[in-house]
Amino acid sequence: MYETIGIWVAALFTLAIYSFLYKENPLYRLAEHLVVGTSLGYSMVISWQRMIYPRLVLPLSRGEDWLLIIPAVLGLMYVTRFFPKIAWMSRYPIAFLLGTGMGVAFPYDMQALVLRQTQATLIPIYTPGAPWHEILGSIVIVFGTLAALIYFFFSKPHKGLFFGTGSKVGIWIIMIGFGATFGFTVMGRISLLIGRVQFLLSDWLHLIH
Amino acid sequence: MIALVGGVIMIIQYFVPHRISQDVFNYYTSWGPIVATFALILGVGSVTRVHMYKIRMKSTNWAYSLAVILPMFLMPVFALLPGSLLGGTDGPGFFDFMYSRVQIPIQATMFSMLAFYIASAAFRAFRAKSLLATVLLVAAVFVMLAQVPIGDLAGRWLPNTGQWILRFPNLAAKRAIELGVGFGMLATSLKIIFGVERGWLGGAGE
């Protein structure tokens with residue numbers, strides 16, 4: 001019974017969302033608003049169950065770590081945002097999170113996004129015995145990355161052999177990259193579409209097995 | 001001042017592998033997510049305020065606001081309810097039902113619907129008739145056909161070309177973007193830590 005009601009509810013909401021493909025209608029809007037409400041409610045429950053209760057309330061109630069009062073007070077300062085006279089206090093938790101977050105992220109960003117990427121780009125173009133498409137690939141990696149970087153460099157006009165030609169090659173590389181990302185996104189969405197259609201035809205209508 | 005001190009301390013602790021600096025890092029990793037979680041109160045409060053105002057004023061389509069407010073506050077109540085919908089104490093309750101039979105199907109369907117809009121976006125991009133738009137679409141077609149069995153029907157060259165595009169030009173573009181993002185993040189981090197960028201203060205209390 002639980003399964004049957006569950007499948008019917010899920011199927012009706014699936015159809016309600018797809019009805020938007022025809023035109024916007026009250027059923028779609030109901031489902032749209034419902035998902036916002038349930039998602040927020042779900043986030044509240046999960047935040048309590050996975051974070052606030054086990055990592056704050058429980059250790060404090062057991063007297064294990066009184067220093068946890070500091071993040072609790074900082075967190076509660078967010079609420080002052082709703083009271084204009086003391087709204088300035090909400091800046092403290094934001095400052096704490098942003099400042100420390102940026103400090104923690106700085107060396108890791110430098111490593112992961114700058115140094116490792118540069119290191120991985122500086123590769124030998126020609127490797128003896130490698131097939132031609134691998135060699136061509138290495139050339140594309142080295143010069144393509146450089147060309148795309150030139151395209152993003154706006155401090156100099158894109159003219160001349162280095163900046164002009166570099167930025168022209170760069171935009172080609174970027175477009176191919178965007179095309180690949182676009183293709184991947186399409187495949188991902190089509191997979192989801194197949195999943196939903198399969199659910200409707202198999203679990204709900206039992207037309208396919 | 002808080003951002004400056006916090007930021008500088010966290011940068012220094014990375015370069016000083018001492019027990020105290022490790023303790024500072026451990027405290028941050030346990031405190032940070034707790035403080036961040038409290039921000040949810042702002043989100044819930046803000047959504048409640050907006051929709052309660054609509055309901056009170058009976059503004060256009062106010063009834064839909066009930067569909068936001070009611071499940072938002074009922075979900076925590078459902079989570080507290082003991083017992084299962086199957087009878088007994090074990091098994092899924094109302095909370096699980098709302099999550100797996102309402103939230104997940106709606107979200108999955110919404111994302112799957114993007115397949116249709118992406119197809120229409122592709123059509124518009126083709127109509128742009130520029131060489132670069134065509135390059136984008138050709139790359140996308142090769143990558144898509146490389147992922148599905150039908151691509152093999154045209155010969156191995158098609159999936160191989162798709163894979164080659166993914167491994168080399170795509171990687172070059174991604175790497176250039178990541179380097180740009182990396183430099184941007186480093187600059188933004190320093191601007192926030194040293195107080196040059198203060199947009200995040202949001203004007204509260206002004």
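B:Ser65 lies in helix 3 (residues 62-80) of chain B, where helices are DSSP runs (H or I) of at least four residues, numbered from the N terminus. The model is predicted, and local features need pLDDT of at least 70, while side-chain atom pairs count only at pLDDT 80 or more. Residues are numbered from 1 along each chain as its sequence is written, and side-chain values use heavy atoms.

B:Ser65 counts as buried because its relative accessibility is 1%, the limit for buried being under 20% relative accessible area (1.4 Å probe, protein chains only). Apart from neighbours within four places in sequence, B:Ser65 is in contact with B:His51, B:Lys54 and B:Ile55; contact denotes heavy atoms within 4.5 Å.

A nonpolar core is a set of buried Ala, Val, Leu, Ile, Met, Phe, Trp, Tyr and Cys residues joined through side-chain atoms within 4.5 Å. The largest such core has 21 residues, and those that touch the most other members include A:Phe13, A:Ile17 and B:Val102. At least two residues of this core come from each of helix 1 (2-18) and helix 2 (26-61) of chain A and helix 3 and helix 4 (94-127) of chain B. Helix 2 of chain A contributes the most, with 7 residues. Leaving aside neighbours within four places in sequence, B:Val102 is in contact with A:Val9, A:Phe13, A:Leu34, A:Thr38 and B:Phe97. A second, separate core of 20 residues includes A:Ile52, A:Ala72, A:Tyr78 and A:Phe96.

Key
Chains are lettered from A and ligands numbered from 1 in the order in which they are written. Buried means under 20% relative accessible area, exposed over 50%, partly exposed in between (1.4 Å probe, protein chains only).
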